[in-house]
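Colleague: I am new to reading models like this one. Could you walk me through a few features?

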Amino acid sequence: MEREERTPAFEPFPMKGGDGPYSYTHNSSYQKSGVEGARTLIFEGIANKLDIKKLFVESSMKFNVADLGCSVGPNTFIAAENIIDSVKHKCKLIGLDPSILEFQVFFNDHTSNDFNMLFKSLPLNKPYYAAGMPGSFHSRLFPKASLHFIHCSYALQWLSQVPKEVLDKDSPSWNKGRIYYSIDAPNPVLDAYRSQFAKDIEVFLNTRAIELVHGGLMAILLPSSSAGSGKGLLAFSEFVGSALMDMANLGLISEEKVDVFNLPIHNPTSEELEELIKRS
């Protein structure tokens, strides 16, 4: 019997739950446009690369989909239906009846995610069975070879933790007075973020390779930065960081609190991400 591995602890950064004016539900139009824009790419990927006949034989007419970092909707439902519609279309192309295929969609996010809101928002006539899978996608989530399609959009840029080096006063990466690697941040700060992202993406890809069936597909959608310095990310961070320092100068908060607050996000360049994928 295999020894069960302990799931490592990760810092949870869930989106704002509920249905209020500041909730993710009402403030995710940017992410929605990305999910809708990726529809054609997913459609083409499934049409050209998914071996439906082989999966039919090996999966007993069941097709499992996982959306990692799903938050509370509605974008996750759009993604799920895009995938299912594409699979049904592929079935028709090769002369198979898609109605004999049953779909199971696993919605994954941190345990502190508002799953109540997620399931209350499920479409009434959804063409799939729905289940929640709480936990960090920076670790194993599913049994071996249990998923046919993995989807992850606007989530993988969130790091498993803030790089420890940027909080260490004795490190050249100490990010004093800033909340991110802004334009004036020293290069070691950016290097620390890149290093943490590289570790996270390696774990993510290796664990997904175990969970995905042979011949299954995965779609990743995440924001990226332009080639070059890579420091032109999240312009609002400089504004927020400056505002926090002004508050510290006025004595409203301590400067130490600003120094230990860093955004756990890294938007890689396309070249950086491509190299990390090849390495894995």
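Modeller: Let's start with a pair of helices: H6 and H9 are oblique to each other. Angles under 35 degrees count as roughly parallel, over 145 as roughly antiparallel, 65 to 115 as roughly perpendicular, and the rest as oblique. Helices (H or I, at least four residues) and strands (E, at least two) are DSSP runs, numbered from the N terminus. The model is predicted: local features need pLDDT of at least 70 and side-chain atom pairs pLDDT 80 or more, while totals for chains, interfaces and linings use all residues. Residues are numbered from 1 along each chain as its sequence is written, and side-chain values use heavy atoms, without hydrogens and water.

Colleague: Which residues of H6 and H9 make the contact?

Modeller: Contact means heavy atoms within 4.5 Å. Here H6 gives Arg 194, Phe 197, Ala 198, Ile 201 and Leu 205, and H9 gives Glu 272, Leu 273, Leu 276 and Ile 277.

Colleague: Is Asn 82 buried or exposed?

Modeller: Buried means under 20% relative accessible area, exposed over 50%, partly exposed in between (1.4 Å probe, protein chains only). Asn 82, in helix H4 (residues 75-93), has 6%, so Asn 82 is buried. Beyond neighbours within four places in sequence, Asn 82 is in contact with Val 35 and Arg 39.
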